[in-house]
Amino acid sequence: MTSAVATPPAGPSAATTFAADIGGTWVRLRSGGADAPVERLRSPSRLNHPDRSVEDLREDMAELLCRAAPPGARTAISFGAAIDHLTGMVYGSAPLWGSEASPYELGGELRRRRPDVDWVLVNDVTAGLLDFAATSARSGTRRIGYLTISSGIAMRVADLDRTRIAVDEWGLQGEIGHLPAMAGPGSRLVGLPCACGAPDHLASIASGPGIANVARRLGVPEAMAAEEWLPRALGVRDPEAVRLLELCVEPIAHMIRTLWCLDPHLDLLGLGGGVVEGLGIHYFTELRRQLAEPTSYADRGRSETWLDDRLVFCAPGQVDALRGAERLGGWASGIMP
């Protein structure tokens with residue numbers, strides 16, 4: 001995949017839309033809108049090509065996108081990485097480039113190679129939020145969020161009244177998986193590693209790899225196969241599995257309580273990602289149980305009706321980042337500091 005980028009074939013007009021969803025395992029491409037077929041390719045990632053250098057993988061990614069974009073297309077790229085939404089600078093992605101921490105100006109590189117194309121890059125969670133908002137927001141919803149819990153953890157919030165997704169001066173919002181976990185110094189979970197290499201992050205405990213971390217720390221015999229064992233064990237109310245889920249959900253519940261405390265206008269929150277989808281009703285029930293419990297006079301607990309109105313547990317396929325990228329439209333100008 002290191003050969004020169006071929007001249008794009010003539011065909012689609014300058015108004016053609018082109019969307020892509022870039023993940024660590026697959027790249028999905030679609031030209032011409034939601035009714036067009038999707039092309040799926042193996043991602044040029046560290047996950048698929050552990051023998052290739054990060055420099056080569058980045059070159060492969062830029063080449064793939066430039067080769068796929070029709071001439072003069074308007075693009076929307078959903079990218080599975082911490083990314084500057086204002087410039088397209090990628091700060092890092094463990095599935096794509098491992099522990100490489102040097103930023104990469106992917107947006108600038110694409111514009112340099114294919115100046116005829118209008119390149120817009122957003123994080124895949126942002127794209128997921130746009131799809132969730134389009135399908136789930138109700139009349140009167142002021143602010144809406146989407147939280148994904150899988151191999152990593154991230155969240156986005158949009159202001160529907162102003163069609164705006166606020167970002168900071170680095171073009172980021174909601175990279176919460178790499179915030180310190182709310183575990184006290186006496187916690188059994190102190191010191192667990194995050195995929196980024198640092199300890200004690202939210203993802204160290206509550207992500208998919210985090211759940212395996214906690215299982216090992218607790219001495220669960222099935223810890224090496226926690227992903228397969230845990231749903232089965234929860235199905236028969238195995239005490240070790242129940243305790244494991246309780247500990248791994250706890251920091252997510254803390255985070256959501258804090259979120260609702262700071263942003264009372266967050267009217268709807270969707271939860272998705274591999275952990276939520278894989279554990280299904282067990283995750284749903286445990287999170288709601290914890291959120292229903294009062295923790296202080298400022299956090300009085302929440303009724304079943306209150307939670308029904310504000311929490312949506314998304315089923316597999318309910319939120320689609322590729323479809324969300326195609327919904328970017330007028331939101332692009334509303335992503336701003």
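Select helix 6 (residues 208-218) and helix 8 (residues 239-262): their axes come within 10 Å and cross at roughly 130°. Axes here are lines fitted to C-alpha atoms over the stretch in contact, with angles from 0 to 180 degrees between N-to-C directions. This is a predicted model, in which local features need pLDDT of at least 70, side-chain atom pairs count only at pLDDT 80 or more, and totals for chains, interfaces and linings use all residues. Residues are numbered from 1 along each chain as its sequence is written, and side-chain values use heavy atoms, without hydrogens and water.

Helix 6 and helix 8 are therefore oblique to each other (under 35 degrees is roughly parallel, over 145 roughly antiparallel, 65 to 115 roughly perpendicular, the rest oblique). Show side chains next: Ile 211, Val 214, Ala 215 and Leu 218 of helix 6 contact Leu 244, Leu 247 and Cys 248 of helix 8 (heavy atoms within 4.5 Å). By class, this contact has seven nonpolar, no polar and no charged residues.

Two bridges join strand 5 to strand 6 (residues 89-92); select Ala 82 to find Gly 92 of strand 6 opposite.

Finally, zoom out: the protein has 12 helices and 14 strands (DSSP runs of H or I, at least four residues, and of E, at least two, numbered from the N terminus). Along its principal axes the C-alpha trace spans about 60 × 50 × 35 Å.

Methods. Pairing = 2+ DSSP bridges. Nonpolar A, V, L, I, M, F, W, Y, C, P; charged D, E, K, R; others polar.
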